[in-house]
Amino acid sequence: MTKTLSGFSIEKAIIEEFNKHIPRGYRFRKIREYLKEMKISTVIKPRNAKDVAIYPIRLSEEDSNKINDVIHFNSQKGIKLSGSDIVSFIIGEINEHQIRVRDTMNTSFIIDESVYFELIKALKGSTINLSFEEYVLNDYKEPNVEYILSHKPEIKKTMPMLVDKSVIKKLDAIKAEIIEDTGKNVPRSNLFRDIIYQMIRHLNNSDEEVTQLQNRIFEDLDALKSIGGHEAIREIINKIKNDYLLET
């Protein structure tokens, strides 16, 4: 399904709290999932936001229609809302109620040193533990059994991890299935290496990188507007049209 970039004006404090608890690559998903389950009849109090930033997110036509439906319902009750009010409400609700409560345990895994550095690069500052948990619980669907059974790290690196027990439970269930199917022993680290290998490619193929770059452009445009006013914005928009949009 095609998604279109939309920019919403959100309080910086709300965004910072959201980013602190939800790893990169899963933030847009959390918003879209909440929006999908949200009732059109939800009554939302208009904001009086002051310190805001443009928060870009890719939304499907269905997502955009849902936002418009919520706006329309509230307007019938005399409440005037914008799309930014809706997205702010959703992020605020996620911050307060939707953050997964973790029951963690300490463990460690053996991984390729080179793959570890690839992972750090792909995460772009996001927490390893939370990103790993989100990937296992939401996206790790097809273990590469051949890789799990055969791959051996050339240069080993031990990774201590504080991992949610539900994730360990899922790892052990997958491991048990592989052992039953192959009759071969599968240490957790073998499975972990396959997860990290696939997770890196998942992160690198995410459209969030494009959106993050677009977000920087929004921020730069805000700064340009504050310094040069609307005329400076119009000038750069015209240049973009001439240099990029009219190319054949």
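**Figure 1. Buried residues of helix H8 in the predicted model.** In this predicted model, Val-167, Ile-168, Leu-171, Ile-174 and Ile-178 of H8 are buried. Seen down the axis of H8, the buried residues fall within an arc of 125°, so they line one face of the helix. The face turned away from that buried side carries Lys-169, Glu-177 and Glu-180, which are exposed.

**Figure 2. Extent and surroundings of H8.** Helix H8 covers residues 165-182, 18 residues in total. From first C-alpha to last, H8 reaches 26 Å, close to the 26 Å expected at 1.5 Å a residue. After H8 comes Gly-183, with a positive phi near 75°.

**Figure 3. Asp-85 in helix H4.** Helix H4 spans residues 83-98 and contains Asp-85. Asp-85 has a relative accessible area of 9% and is buried, because the cut-off for buried is under 20%. The Asp-85 side chain reaches the backbone nitrogen of Ser-82 at 2.8 Å. Leaving out residues up to four places away in sequence, Asp-85 touches Ile-44, Pro-46, Arg-47 and Lys-80.

**Figure 4. The aromatic pair Phe-132 and Phe-192.** Across the whole structure, a search finds seven aromatic pairs. In the pair of Phe-132 and Phe-192, the ring centres are 5.1 Å apart. Their planes stand at 50°, so the pair is tilted. This pair links distant parts of the chain, 60 residues apart. Phe-132 belongs to helix H6, Phe-192 to helix H9. Phe-132 counts as buried at 0% relative accessibility. Phe-192 is also buried, with a relative accessible area of 0%. Ring pairs link Phe-132 and Phe-192 with Phe-109 into a cluster.

**Figure 5. Charged side chains over tyrosine rings.** Two views show a charge over a ring face. In one, Lys-157 lies over the face of Tyr-116, at 4.6 Å from the ring centre. In the other, Arg-201 lies over the face of Tyr-197, with 3.9 Å to the ring centre.

Key:
Residues numbered from 1 in each chain as written. Predicted model: local features only at pLDDT ≥ 70, side-chain atom pairs only at ≥ 80, totals over all residues. Heavy atoms only, no water. Helix = DSSP H or I, 4+ residues; strand = E, 2+ residues; numbered from the N terminus. Expected span 1.5 Å × (residues − 1). Buried < 20%, exposed > 50% of the residue type's maximum accessible area, 1.4 Å probe, protein only. Arc of directions from axis to C-beta. Polar contact = N/O pair within 3.5 Å; in protein donor to acceptor, adjacent residues only side chain to side chain. Contact = heavy atoms within 4.5 Å. Phe/Tyr/Trp six-rings, centres within 6.5 Å; stacked < 30°, edge-to-face > 60°. Lys NZ or Arg CZ within 6 Å of the ring centre and 35° of its normal.
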